[in-house]
Amino acid sequence: MSDLAGKRALVTGGGSGMGAAIARALANAGATVVVSGRRMEALQEVAEGSKNIIGMTADVTDEASLKTLFDNIAAEVGDLDIVIANAGAAESAPYHRTGLDLWQRMMDVNLTSVFLTFQQALASGMMKRGEGRLVAVASTAGLKGYAYVSAYAAAKHGVIGLTRSLALELAGTSITVNAVCPGFTLTPMLERSIENIMQKTGKSRQEAEAALTKTNPQGRFVLPEEVAQAVMYLCGPHSASMTGQALSVSGGEV
């Protein structure tokens, strides 16, 4: 495991699922980690597990809220070395029933949030120092299409485009910009997807899970800790040449 002692990190959407797993992995490697989200109770539960984790609330879709978050981090923790834009959400609907409100929600929480988070990270001091790690948690939906989630998939494709473009702009510095693209992962968001399939199709839980795991050649769900270890590599000292990449953690799906 990478030694990140003395490093300072932010994980958005850090109150559960992949965000919590990433935060714990960073903290276990010695980093001081701020987890952000909208519910302090969930953040506190994650923070209680490590003396290296601190919870701070923020709305990643709101520029003013994010600026306040970064100002508070600077005052209480110091300049950030690592920023993980993990916050996201998924909603499904057939394309002809995907209204502009659903489309905008998916863009705001999955794409605009990454844009705003990385922009604040660079402005808060990372760009001036010319060193750091920016990682977006995208999805296999950013590498391929899935039926009934056109807005979500479009947003995640946008995340990968943003990652690649920003990496080129920053290639002359020691700031790397990468994305990880998990397949279906055992998180609360996946649980909601399973329940949605059961409700709309009448399938049993076993059938609903099988409908999702069949996309993974390994025939299983990805574990949050597996995604966290991919992020850890991108944040470590031996990944300086890894930038502009979209790393698939999907059992060979893509």
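**Strands, helices and cysteines**

Biologist: Which residue in β4 stands opposite Val11?

Modeller: This is a predicted model, in which local features need pLDDT of at least 70, side-chain atom pairs count only at pLDDT 80 or more, and totals for chains, interfaces and linings use all residues. Residues are numbered from 1 along each chain as its sequence is written, and side-chain values use heavy atoms, with hydrogens and water left out. Strand β1 (residues 8-12) pairs with β4 (residues 82-85) in the parallel sense over three bridges, where strands are DSSP runs (E, at least two residues) numbered from the N terminus and pairing needs at least two DSSP bridges. In β4, the residue opposite Val11 is Ile84.

Biologist: Which strands stand at the edges of the sheet, each with a single partner strand?

Modeller: The open sheet has seven strands with parallel pairing, in the order β3-β2-β1-β4-β5-β6-β7. Because each edge strand has a single partner, one side of it is left without a neighbour in the sheet, and these strands are β3 (53-57) and β7 (246-249).

Biologist: What angle does the direction of α2 make with that of β3?

Modeller: Helices are DSSP runs of H or I with at least four residues, and α1 (residues 17-28) lies across β1, β2, β3, β4, β5 and β6, running at about 170° to β1. Helix α2 (residues 40-47) also packs on the sheet, touching β2 and β3, where contact means heavy atoms within 4.5 Å. With axes fitted to C-alpha atoms, for helices over the stretch in contact, and angles running from 0 to 180 degrees between N-to-C directions, the value for α2 and β3 is about 175°.

Biologist: What is the handedness of the crossover from β1 through α1 to β2?

Modeller: Strands β1 and β2 pair in the parallel sense over five bridges, with Ala9 opposite Val33 in β2. A crossover counts as right-handed if, with the strands pointing away from the viewer, the path from the first strand over the helix to the second runs clockwise. By that rule, the β-α-β crossover from β1 through α1 to β2 is right-handed.

Biologist: How many disulfides does the structure hold?

Modeller: A disulfide is a pair of cysteine sulfur atoms within 2.5 Å, whereas the sulfur of Cys181 is 15 Å from the closest cysteine sulfur, in Cys235, and so too far for a bond. Cys181 is buried, with a relative accessible area of 0%, and Cys235 is buried at 5%, where buried means under 20%, exposed over 50% and partly exposed in between, with a 1.4 Å probe and protein chains only. The number of disulfides in the structure is zero.
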